[in-house]
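Please look over the fold below before reading on. The report moves from the whole chain to single residues.

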Amino acid sequence: MDAGQDRRPSGGDGGLRSAVVVNPVKVDDLDELRRTVDDALTAAGWPAPQWYETTVDDPGRGQTEQAVKAGVDLVFACGGDGTVMSCVSGLVGTDVALAVLPQGTGNLLAANLGLSTDLAAGLQVAVERGRRLLDVGAVEDRYFTVMAGMGFDAQMLEATNETTKARIGWPAYVMGAARHLRDRPMRVQIRIDDRPAVRRRARSVLIANVGRLQGGVTLLTEAEPDDGWLDVAVLTPRNLRHWLALGWAVIRRSGQVPQLEIFRGRRVVVTSNRAQPRELDGDLITPGRQLRAEIRPQALWLCVPQPEGAPDLAVDAQGAGERGEQLIEEARRE
């Protein structure tokens, strides 16, 4: 955490300059959201934020880059995982911090790092200026904070109905997964750093920066977002019984998980015998035969609950939410 600590913007006594990159499709009442955020930041002594709306053609990266060029200290990503991922891509390697105001159903980054899905908590976390310097994974010209995947995980996302997901949340993914449990495996070659390639008949290969899946299930217990490594999970179940055994072991947090191999590296290349669905941070990308990822250490400042050094950053998420509600109430009274 010490590396780059002196690069964090102080903002002086006038608060930080900020921008909100918002996906309007994910927000029920954009005007109300804007009033709440503007008033809360004003009450905290911050300048009014700049606002940018995402579009189908640009889901957030271009808007984030515009905000960085405009000289902001912090960008609020307000939307689902796709919005967060796009904002990350615009912030990697800069000194501008990311704050997450989750509006979607998944929000993998929020789930993995103890960030509340509550608007008030998200604002308060930013105002209190807790920071953590994270690694990110790079795939071609895009980035991920949680994980990239090829095979079953992307098939599950592709099969999940958006309407069902909006209505019931993460259990919708279970319904999508059930449709592909009996699909045939892919033949993959996995090359990690300069080691000899390994070959497997796999259902899914996940390249992870952190280890928690949708629904709060932890698959990779050793994965940390700032350790300089990518954790690679190779899932090799061949039938329904294997899937059940794997799932039960993961839920129980068993030390030995059947049909699962884990590797570590800084550069990972997965090559399949045929084109496969692929995803980054829960967002589908173009299918392909190869998934090539590498770690970018200490590349992103993220706003996190205090204390920033706690092993579990959720330790103060509830407290941040309570303080955030007080901040919003004070803003409304003014």
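Predicted model: local features only at pLDDT ≥ 70, side-chain atom pairs only at ≥ 80, totals over all residues.

Residues are numbered from 1 along each chain as its sequence is written, and side-chain values use heavy atoms, with hydrogens and water left out.

**Overall make-up**

The protein has 10 helices and 14 strands. Helices (H or I, at least four residues) and strands (E, at least two) are DSSP runs, numbered from the N terminus. Of the 334 residues, 54% are buried. Buried means under 20% relative accessible area, exposed over 50%, and partly exposed in between (1.4 Å probe, protein chains only). The exposed surface comes to about 15200 Å², with 47% of it from carbon and sulfur atoms. These areas come from the Shrake-Rupley method with a 1.4 Å probe; for residues, only the protein chains shown count as cover. A contact means heavy atoms within 4.5 Å. Among contacts between residues at least 6 apart in sequence, 71% join residues at least 24 apart.

**Cores**

The largest nonpolar core holds 45 residues. Such a core is a set of buried Ala, Val, Leu, Ile, Met, Phe, Trp, Tyr and Cys residues joined through side-chain atoms within 4.5 Å. Val88, Leu98, Leu109, Leu219, Leu235 and Leu302 have the most contacts inside the largest core. Apart from that core lies another, of 26 residues, including Leu16, Val22, Leu33 and Ala40. Beyond four places in sequence, Leu302 touches Leu98, Val100, Leu109, Leu113, Leu115, Gly130, Arg131, Arg132 and Leu134.

Helix H3 (residues 81-91) is mostly covered, with 11 of its 11 residues buried. Among them are Asp81, Met85, Cys87 and Val88. Just after H3, Gly93 takes a positive phi of about 85°.

**A helix pair**

Helix H1 (residues 30-43) packs on helix H5 (residues 119-128) at an angle of about 30°, with the axes 11 Å apart. Axes are lines fitted to C-alpha atoms, for helices over the stretch in contact; angles run from 0 to 180 degrees between N-to-C directions. From H1 come Leu33, Thr36, Val37, Ala40 and Leu41, which meet Leu119, Leu123 and Val127 of H5. The residues of this contact divide into 7 nonpolar, 1 polar and no charged. Here Ala, Val, Leu, Ile, Met, Phe, Trp, Tyr, Cys and Pro count as nonpolar, Asp, Glu, Lys and Arg as charged, and the others, Gly among them, as polar.

**Single residues**

Ser18 lies in strand S1 (residues 18-22). Ser18 is buried, at 2% relative accessible area. Leaving aside residues up to four places away, Ser18 touches Leu41, Trp46, Pro49, Gln50, Val72, Leu74 and Phe76.

Most residues other than glycine have a negative phi.

Ala223 sits in the loop between strand S10 (204-208) and strand S11 (230-235). Ala223 counts as buried, at 9% relative accessibility. Outside four places in sequence, Ala223 contacts Asn209, Val210, Gly211 and Asp231. Ala223 and Arg264 are 41 residues apart in sequence and 9.3 Å apart in space, C-alpha to C-alpha.
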